[in-house]
Amino acid sequence: MRSGSLGVLLFKSSSSLVFFSPSLASTHLSRLGFCKSIATSKAYRMAATEASSSSSNSVSGGHCINPLGSSSASNGTAFSSSAYSAIDFLSLCHRLKTTKRAGWVLRDVKDPESISDHMYRMGLMGLIMADFPGVNRDKCIKMAIVHDIAEAIVGDITPSDGIPKEEKSRREREALDHMCKLLGGDARAKEIGELWMEYEENSTPEAKIVKDFDKVEMILQALEYENGQGKDLDEFFESTAGKFQTDLGKAWAAEIASRRKKDN
């Protein structure tokens with residue numbers, strides 16, 4: 001409901017007000033047979049006044065910007081500026097959707113996944129993982145979304161490209177800095193940069209889990225290509241063997257290996 005609209009307060013709890021517009025309330029309450037008595041009561045008039053006051057105060061008196069409603073001229077300018085940066089950033093990230101993962105391209109996989117396909121399923125891994133003491137699951141999800149984001153500029157660099165690890169990291173760091181500046185260098189840009197660096201440095205429990213997600217997603221995709229296209233992609237399984245850092249990664253990798261064995 002927009003700021004300033006009158007509404008019927010259906011119930012009030014310690015944490016929220018729930019109300020409908022008068023027309024909606026009339027429709028719903030009339031079905032229950034008591035709309036008329038409520039609409040003409042003192043309680044109805046008080047509820048409408050309270051709802052209007054609460055809605056107005058949440059925007060003007062509370063000093064917060066409402067992204068769903070109208071705002072002052074200064075806030076409108078801020079939104080316009082941030083929108084410009086956001087769309088620039090998101091347009092650049094479109095390359096993640098169109099750039100195919102190089103490892104599959106080199107093995108002549110038909111219709112190979114994109115970089116964003118890979119990151120999306122890693123994000124889902126963070127979403128469904130169990131809770132572990134000392135591990136921030138939300139951070140794992142964010143890190144999975146961010147970890148390959150610099151590839152929007154540098155592409156998917158693989159060992160077969162012959163680029164030293166240090167040079168690869170330098171290029172990606174430079175690309176990430178550019179993307180964060182494009183986003184405006186604000187708190188969200190800083191968060192993206194910190195998440196990416198944390199992953200690169202493998203410095204936290206969350207980074208170790210997401211590093212394992214990266215490998216798990218790759219071998220699961222390899223299994224799917226083997227089953228769907230008759231490919232032999234054993235090298236991807238060999239390259240990750242013994243390199244999982246967490247019990248979660250080891251368990252999921254073992255399940256994939258077990259299914260692969262049954263399929264063969």
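The axes of helices α10 and α11 come within 8 Å and cross at roughly 75 degrees. The axes are lines fitted to C-alpha atoms, for helices over the stretch in contact, with angles from 0 to 180 degrees between N-to-C directions. α10 is therefore roughly perpendicular to α11, a label for angles of 65 to 115 degrees. On the α10 side the contact (heavy atoms within 4.5 Å) is made by E198, Y199 and E200, and on the α11 side by E206, A207, V210, K211 and D214. By class, 3 of these residues are nonpolar, none is polar and 5 are charged. Asp, Glu, Lys and Arg count as charged; Ala, Val, Leu, Ile, Met, Phe, Trp, Tyr, Cys and Pro count as nonpolar; the others, Gly among them, are polar.

This is a predicted model, in which local features need pLDDT of at least 70 and side-chain atom pairs count only at pLDDT 80 or more, while totals for chains, interfaces and linings use all residues. Residues are numbered from 1 along each chain as its sequence is written, and side-chain values use heavy atoms, leaving out hydrogens and water.

The chain has 13 helices and 2 strands. Both are DSSP runs numbered from the N terminus: helices are H or I with at least four residues, strands E with at least two. Of the 264 residues, 35% count as buried, meaning under 20% relative accessible area with a 1.4 Å probe, protein chains only.

Helix α7 spans residues 137-146, and its buried residues are C140, I141, M143, A144 and V146. Their cover includes α6 (115-128), α10 (187-201) and α11 (205-229).

| Residue | Helix | Relative accessible area |
|---|---|---|
| E172 | α9 (residues 165-182) | 4% |
| D212 | α11 | 1% |

Not counting residues up to four places away in sequence, E172 touches A150, E151, V154, W196 and E200. E200 is also one of the α10 residues in the contact with α11.

With the same exclusion, D212 touches K243, F244, Q245, T246 and G249. The side chains of D212 and T246 are joined by a polar contact of 2.7 Å. Such a contact is a pair of N or O atoms within 3.5 Å; within protein, one must be able to donate a hydrogen and the other to accept it, and residues adjacent in sequence count only if both atoms are side-chain atoms. The C-alpha atoms of D212 and A253, 41 residues apart along the chain, are separated by 8.9 Å.

Terms used: Buried means under 20% relative accessible area, exposed over 50%, partly exposed in between (1.4 Å probe, protein chains only). Angles under 35 degrees count as roughly parallel, over 145 as roughly antiparallel, 65 to 115 as roughly perpendicular and the rest as oblique.
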